[in-house]
Amino acid sequence: MIKINSLEIENVKRIKAVQLTPSERGLTIIGGRNGQGKTSVLDAIAWALGGDRFRPSDAAREGSCIPPVLRVTLSSGIVAERRGKNSALTVTDPSGRRAGQQLLNEFIEALALDLPRFMEASGREKAETLLRIIGVEDQLAGLDRQEQQLYQERLAVGRIADQKRKFAAELPDYPDAPDEPVSASELIRRQQDILARNGENSRKRAHLALLEA
């Protein structure tokens, strides 16, 4: 990802003089009130890197006798300059050799310089373009996928919990039931003891009836 390391602008549209050193990481924001030159900075960058087709209609600052001066230093070491009466372009590569617009076109993404299209884009499209330029689009896309996955998992857990609550509410309630589970063999033993006592009681009642007779 090629980035702008430094930017110098003089006498371009509304700009008298601007010097910027963008942050190596993150996004550099150019702010100000209407008519203070925010768009002029963007137009100057487009003109410096995108070629004469991006030259502003009124490139020189009104009232200035000095022609426009542009100097952009890129992270690749390439320096693009426009200066002089005709604002001719000079491109210098890291080895010091001179080149022209073709060298810039080899690595500059056309969409990133299409400022009119960028300004007319939707908020989401602008955000995607800026995130791609600063190099964090892939990381954010991964985080977005993780967020969606977690959301779906929580949604599924919530639905299951709701179903279990409804099922539990429909179960019959036995307030006299013991708190601890009862062994089946113990219940059988108790039943056999009861049956034995009932049998013994029946025998005693029969013997009593015989004695009374």
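## Helix pairs, a buried helix and a surface patch

Arg190 and Glu186 sit four residues apart in helix α7, so about one helical turn separates them. Helices (H or I, at least four residues) and strands (E, at least two) are DSSP runs, numbered from the N terminus. This is a predicted model, where local features need pLDDT of at least 70 and side-chain atom pairs count only at pLDDT 80 or more, while totals for chains, interfaces and linings use all residues. Residues are numbered from 1 along each chain as its sequence is written, and side-chain values use heavy atoms, with hydrogens and water left out.

**Confidence**

The pLDDT is the predictor's confidence in each residue, from 0 to 100. Its mean for the protein is 84, and 92% of the residues reach 70 or more. Where pLDDT is low, the predicted coordinates should not be read in detail.

**Salt bridges in the helices**

A salt bridge here is a side-chain nitrogen of Lys or Arg within 4 Å of a carboxyl oxygen of Asp or Glu. The whole structure holds eleven of them, including these:

| Pair | Closest N and O atoms |
|---|---|
| Glu186 and Arg189 | 2.5 Å |
| Arg190 and Glu186 | 3.3 Å |
| Asp162 and Lys166 | 3.3 Å |

Glu186 and Arg189 are three residues apart in α7 (residues 184–212), again about one helical turn. Together with Arg190 and Asp193, these two residues are linked in a network of salt bridges. How open is this site to the surface? We call a residue buried under 20% relative accessible area, exposed over 50% and partly exposed in between (1.4 Å probe, protein chains only). Glu186 is partly exposed at 25%, as is Arg189 at 41%, and Arg190 is partly exposed at 46%.

Asp162 and Lys166 are four residues apart in helix α6 (residues 137–170), and about one helical turn lies between them. Asp162 is partly exposed at 29%, whereas Lys166 is exposed at 52%.

**Helix α1**

Helix α1 has 13 residues and spans 18 Å from first to last C-alpha, close to the expected 18 Å (1.5 Å times one less than its number of residues). Ten of its 13 residues are buried, so the rest of the structure largely encloses it; among them are Val41, Ile45, Trp47 and Leu49. Just after α1, Gly51 takes a positive phi of about 105 degrees.

**Two loop residues and a strand end**

Most residues other than glycine have a negative phi, and most peptide bonds are trans. Lys13, in the loop between β1 (4–12) and β2, has a positive phi of about 55 degrees although it is not a glycine.

Ser87 likewise is not a glycine, yet has a positive phi of about 50 degrees. Ser87 lies in the loop between β4 (79–83) and β5 and is buried at 1%. Beyond residues up to four places away in sequence, its contacts (heavy atoms within 4.5 Å) are Trp47, Arg55, Pro68 and Arg82.

Thr92, in strand β5 (residues 88–92), is buried at 17%. The C-alpha atoms of Thr92 and Ala80, twelve residues apart along the chain, are 6.6 Å apart.

**A nonpolar patch**

Leu27, Ile29 and Leu130 make a nonpolar surface patch of about 300 Å². Patches join residues with over 30% relative accessible area and no salt bridge: like charges within 9 Å, nonpolar side chains (Val, Leu, Ile, Met, Phe, Trp, Tyr) within 5 Å. Areas come from the Shrake-Rupley method with a 1.4 Å probe, and for residues only the protein chains shown count as cover. Ile29 sits in the loop between β2 (15–20) and α1 (38–50) and is exposed at 72%.
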